[in-house]
Amino acid sequence: MTKRWIGASVVTLTFLASPALAQAQDSDAAVAVTDGEAALVQPIAFPHTIHAGVDQIDCQYCHFSAERSVDAGIPPVGTCMGCHQIIGGTDERQQAEIQKLRDYSANQESIPWIRIYKVADHVHFPHLRHVAAEVDCATCHGPVEEMMVIEEVNQPLAMGWCVSCHMERGVSRDCAVCHY
Amino acid sequence: MTDGLKRRDFLKVLGASGAGAGVLGCSTENVERLMPYVVPPEDITPGVATWYTTVCGECEAGCGMWVRTREGRVVKVEGNPEHPVSQGALCSRGHSSLQALYNPDRFTGPMLREGGQLQPISWDDAEQMVAERLSSAGGYYLFTGFAGSSLAGLMSDFAGATDGQVVRYDPLAEAPLREASRIAFGRDVVPWYDLEEARFLVSFGADFLESWLSPVRDGRGFSRMSGVDEEGGKGGFTFVGSRLSLTGQNADDWVPIQPGTEALVALAMANVVSGGGTSAGPYRSIVATYTPENVADATGVEAESIRELAERFADGPSLALGPGVAGLHRGATAANVAVAVLNSVAGNVGRTVHYDAPQLDAPSAGFAPMQQAITAMGAGDVGAVLVHGSNPSYALPASSGFREAFGSVPFKVSFASSMDETAAEADLILPDRHFLESWGDMASRPGQWTVRQPAMRPVPHFDSKQTGDVLLSVATRMGLGLGSETFYDHLRGRWADFAATAGATDADAFWHESLRAGLAQVGTTPSGATETLRQPDRGLVFDPPAFDGPGDLHLMVYPSARYGDGALNANRPWLQELPDPVSKITWHSWVEMHPNRAEALGLRDGDVVVLSTEHGSVEAPVWTYPGIREDVIALPMGGGHTNAGRFADGNGVNALDLLPSEVEPLSGGLVHFVTKVDVTSTGRRRPLASISGSDSQSNRPIAPAVALAGLGAEAEGAEEEHGPLRELQGVGGFVPVETEGRPEDFPLEGSRYGEYGDEEEPRWAMTIDLDKCTGCSACVTACQAENNVPWVGEGQVTMGRDMGWIRLERYYEAVDASHAGPLDVRFLPMICQHCGNAPCEPVCPVFATYHTPDGINTQVYNRCVGTRYCLNNCPYKVRVYNWYTFTDEEPVREGLGHVPEPLNWQLNPDVTVRENGIMEKCSFCIHRIRAHQDRAAVEGSTITDGQIIPACQQSCPAEAIVFGNIRDPGSRVAQSAGGERAYRVLDELVNTQPAVTYLKKVTFHEVESEEH
Amino acid sequence: MSTATGVPRGALTHPDIQTLDEVNRAVLRPLGRPGRGWWALLALAIAGMGVGGFAWGIQIVDGIGVTGLTSPVGWGVYITTFVFWVGIAHSGTLISAILFLFRAPWRQSIYRAAEAMTVFAVMTAGLFPLIHVGRVWHAYWLIPYPNSRFLWPNFRSPLVWDVFAVTTYFTVSAVFFYLGTIPDLAAARDAATGLRKKLYKVISLGWRGTDREWHHFGKAYIFLAALATPLVLSVHSVVSWDFAVSIVPGWHATIFAPYFVAGAIFSGVAMVITLTVPLRKVFGLEAYLTTKHYDAMAKLCLLTSMIVFYAYLSEFFMAWYSGEEVERAAFWERLFGQYWWATWIMLVCNGMVPVMLWFKRVRYSIPALFAISIFVNIGMWFERYVIIVTSLHHEYEPWAWGVYRPSTVEMGILLGSFAWFGFWFLLFTRLIPPVAIAELKEVLPTPMRPAAPVGAGGQGSDQ
């Protein structure tokens, strides 16, 4: 009951500030991880610069299900080990990071990557359709090959951003293509 | 919608199935973690469903299943189209098994009772303890329900080796049927019925559409038999019984007999069919004595009606179905024999009923052995009891004294995976795995074997172990070898034998093929051999049985269409909230009473009454029902749990409390229909948690019917369809838009809301054949499971806030218990009609509902503001509203729907989870459509007719639903929508141009008006 | 400008007023120190608002389910009350604007109170769409504004029309109200001292009462009056379309717009009576709000009451005459079904009770009028309740018929709305002259000469 008292009064108060609330609501950016994101560090300092940049590994080599599923897929530890059984890194900083990977693999643990890209739960983004339409990964994910640490670039994955692209390409703007 | 609920759990599972439960904690942090697999399991792609075959463990029918898993968690079960029993369909109970798998009340691990409290214990210690106690017990009992043949085999081996005794007890036992088969034909089996082959059915109270033997398979057979075919042929069905069950409501005629007189009617029919008994073989003299005239008084049926019935039965192929559980009275076996005789003289044996292909797993273990066990336990000469797959404390009448006797046993072990009334008494609990996590097999009939394989890793919240493995390890600890290390080995061993029998060279290949197909054909199928009647036993008495107690109200305790006996499956919100197909009441129990009787007693719906017999008394609200004789009071099983989990406890009453623990002398089955009952009003009232508004169509074109005779004729009558409209125009009145627009010409001029596609776009449409629909409500639960439709709780249902996307309406046209005659109950699955001219669309202020280019009236959840204007303006009232958030882990308020961990693992990741204040409704399973479109677009293929199947059509045992693109003239939906029985609900009244076309029910009797 | 008899209008309408400066004193008296009674009422109002706010809080925290609403009755007390207040809001503009344009001699003393009532009533009504929606935090989506989603509201939906109708009506009537008060605020300023003086200084926009100012004032006022007049008809027509454009039996009728407008005026005038009677008593304004005024309002009431009752009858008749099953059933249900009591309250209060107004003695008896006006207020609330609830609970699909019982939360919010309205009205009585001093003086006989020689007093009124 006390919970209700407090909640009730709080809400009634916030109502006086509803216009502000409205604005806040308006920017319906995807519910991506913003809180304390800066503070958080990926469990392994994975450099896309080297993998995608220097080594020119195809995105879908690791993100293996992008072309046949709605989800792009995170590489299984096994996939990483495929190369890093042999590749141990050149400088000790790299070696240290790769050692972490080998430990995860040894302990049969999965790597708790921090999620950067996430559309809201009421949005369905089928990767396969976009791959099939030959939309470059960079369109949404930016120049990953230049990113030491992966980060959300040039757009907040907001609806307007999606729609404008759909309009440019003259593909469906029907709500029920993404929302159902 | 709800912040991250869907994705979050989906991630959890990625972690769980990839790397064990260790990583679960992460999801509670405010940052999301991506959990890759450590080693990628082959055949799993994130975001793509993986399917496994298995066999349903909900009842003895053994329906083959397809299990849909996403990222290693089970999200849906469906019927296996290649399986002879389910044939692709599934019942509500089967669907709800998911809520047993993820049930929050499952035991978290093995438990030992210390000082009255259950304390966790390690599997090692537990098994060690069992081993020691059993060796020192000096004889023990192993109570089981049905377990699947391999496990059952292992159990008897185990018991045999450890001087225990296996007692199987089925609350809904068909012992009398089995005994009758032995008496009549010398075959100690439960016969195999083939409804599809018959043209005329007579059921003597057997509820084959809901709880008797194999409802899904029989439902399929029945709808194929009774649904009208292209040639306008239609099989008939007469129901002989004192109360109309769901099965009864599907009959064309009803013979409401005096309670307990099935035998007399059956013999009288046999008398007519066999020309006075001449062709009745050894039963000649008996049959001869029971002429229709002789039995008329006792049965309360005019001789003439019996003659007509018999003559119709004679020109078969026909089939008579035995009294069934609802007819389990003192004369049950005799009644079954009488029915067998009837089938025999009508030449149905070997044609529509087979004794050489029995239903192996059919529940036929009677009460007698259990009764002996109770006596033994009471006498104190039982050292230990093991209970598996059954809940006798609940499923036996209190008068049996089981609870007391069981309590006196020094060492009680329960293999229950979640708490139940029996486990509550146990000293040691060794939680078994859910059937979707475990290995096993079933044989529905000789030669047809189905493997049960785990469709996912054990739900990490619960430390469970398969009972088979436990028994084997206990055996080892007792120094016995049962031939195999694990239950899996045991199973493979048996299947190696099958492979040999099946003549397969490579046992492994055979095994893997069986896993893939979900079925193995081993040995022979029935020959269709006829049987000859044996000399009747002297013990047979066909005269009506006696009923105890004063008064004239016979108490009928019948198995619930939702739970059956409800001993083990009541703790599931989906089942609790599924409206009972007959009463449409949810959650609580009710007392069925004829309106006249209620009036005489001064009672009306919702008045709480006390039913009392000499054995006990229960308290429940009255529900008046014209489909029951005035001298019968009916009470469903499945309620009144005291210790079965948070969703079941305290709902309704346990009907068995009113019964004596009496066995039927011939078969040893427990008798249900044996006592009269005394009804007294408490003066209190209790609103029924029912979804029923009005049982009458009040002259509106909702669920019209057409007489079989009138079928061809209706083509000319088409002009009359829009009589009133013409009339209006005739007198120069206002001329509304024509209502002849067919679903395929879409969009109509003047109905263009939303962005429409050109002619190339499909228009998704559906037809529902009301002549096939049996009202079994499987679609309701299937839809709920598929679309994350929340359950709301009893209070909300009572207010009228139930959220089922499919509302199975039931209208009475002709239901009369005063004499034998035509019966007309109309079922109508009401879903969103996806109108071409949808009233809900123009009124939504924010375009939250509108038309997609492919003609679906869609609801954009995240756009909905919740003005509820669309609900007001929908003439079909198919839009349901989230009055609260019903999808949180905690209920927003006491008693409201919620999704406690790990129930949320079941949520379908392809469908948005909705929150408070959002309108929703049937989406035509748009996520399935989109999935196929995505695949087609990527592969450059085209979508073929019948490729996209919504959840309701998929699980419909009656094949009543057809979905497809109605713009494609060749599609099945276009074909059936073009038929002469096609009509659209309220279309003429409100000109909504629905995409859902219904096919009128076909009746044998004349319907006064085809409009309603 | 004088009446047929040539007697100055003032002499007819306000026989008891002797001098002009007594007007100032009398009218400005209320602006003095409030008595205990006023504070008590204010406290009551604030308490009521507390209850309402708390109830709304619960609804937002727990969910819209705390109401009694259910399928098939998706609308209930909230929309009922919304329509009720919009209706109340009518007579204000009607009396001030339309009667002004028609130069009705009796409006001057009441229009101030009526306009205040209008503004506050719209303020109250405006809350209810917000309270009603399930996700109020998204309610702003009904407002058309360019946004990142490229989405607009559905201009085909009456609910969007409502947004425009109500906001427009509020803006105009608020401005109209304020403009009319400026000269009197100036008068108040001159009479007041201290802080109040400062306040009035600001809000009276430095009004000095020069001819130029009067000239412009007159112009502006008449323009606004002309602008406001059509709104009187438009607002409630639009509100009525919320129902009329739907296909719900009992809603789908062409008669709705005029029917609702008449009903609105009916309830509005009744509410004016309800409010001014105590006002008049407490502040001793009997000389200004005379029985003649009440007589006139009573007549208006009687007229609109008859229109409304005619609308009821024609609805029932059409339902029967259409021969349409569902329509017939709906109206039969309305009269004799689950909600018969509500329907009969409506018929009695709005159709039968006002018949008494035919009698002059009743029209001239303030207590009687007060009592009748209360009946009408109740009746008009129930009219909307009947239209909304009885129609919805018994629609096309028999299986989906259901019942709606308002919950305590809804009642709390209903109470809160009256408190909220009362709160503002109480402030009004203390801050703004309740009677239009200037306009009143226009119609009074000029005191320099002995009152009421034939043909006199003409110029007195013209300037």
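**Notebook: chains B and C, and B:Thr1003**

I looked up C:Asp62 and found a salt bridge with B:Arg893, the closest N and O atoms being 2.7 Å apart; the term stands for a side-chain nitrogen of Lys or Arg within 4 Å of a carboxyl oxygen of Asp or Glu. This is a predicted model, in which local features need pLDDT of at least 70 and side-chain atom pairs pLDDT 80 or more, while totals for chains, interfaces and linings use all residues; side-chain values use heavy atoms, without hydrogens and water. Residues are numbered from 1 along each chain as its sequence is written, and chains are lettered from A and ligands numbered from 1 in the order in which they are written.

I then counted across the interface of chain B and chain C. The rule finds three salt bridges there. The contact (heavy atoms within 4.5 Å) takes 62 residues from chain B and 54 residues from chain C.

I checked which element gives the most to the side of chain B that touches chain C, and it is S29(B), with five residues. Strands here are DSSP E runs of at least two residues, numbered from the N terminus.

I turned to B:Thr1003, found in strand S39 (residues 1001–1003) of chain B. B:Thr1003 counts as buried because its relative accessibility is 2%, the cut-off being under 20% relative accessible area (1.4 Å probe, protein chains only). A polar atom of its side chain lies 2.7 Å from the backbone oxygen of B:His1005. Beyond neighbours within four places in sequence, I listed the contacts of B:Thr1003 as B:Ala705, B:Val706, B:Ala707, B:Leu708 and B:Asp824.

Methods: Helix = DSSP H or I, 4+ residues; strand = E, 2+ residues; numbered from the N terminus. Buried < 20%, exposed > 50% of the residue type's maximum accessible area, 1.4 Å probe, protein only. Polar contact = N/O pair within 3.5 Å; in protein donor to acceptor, adjacent residues only side chain to side chain.
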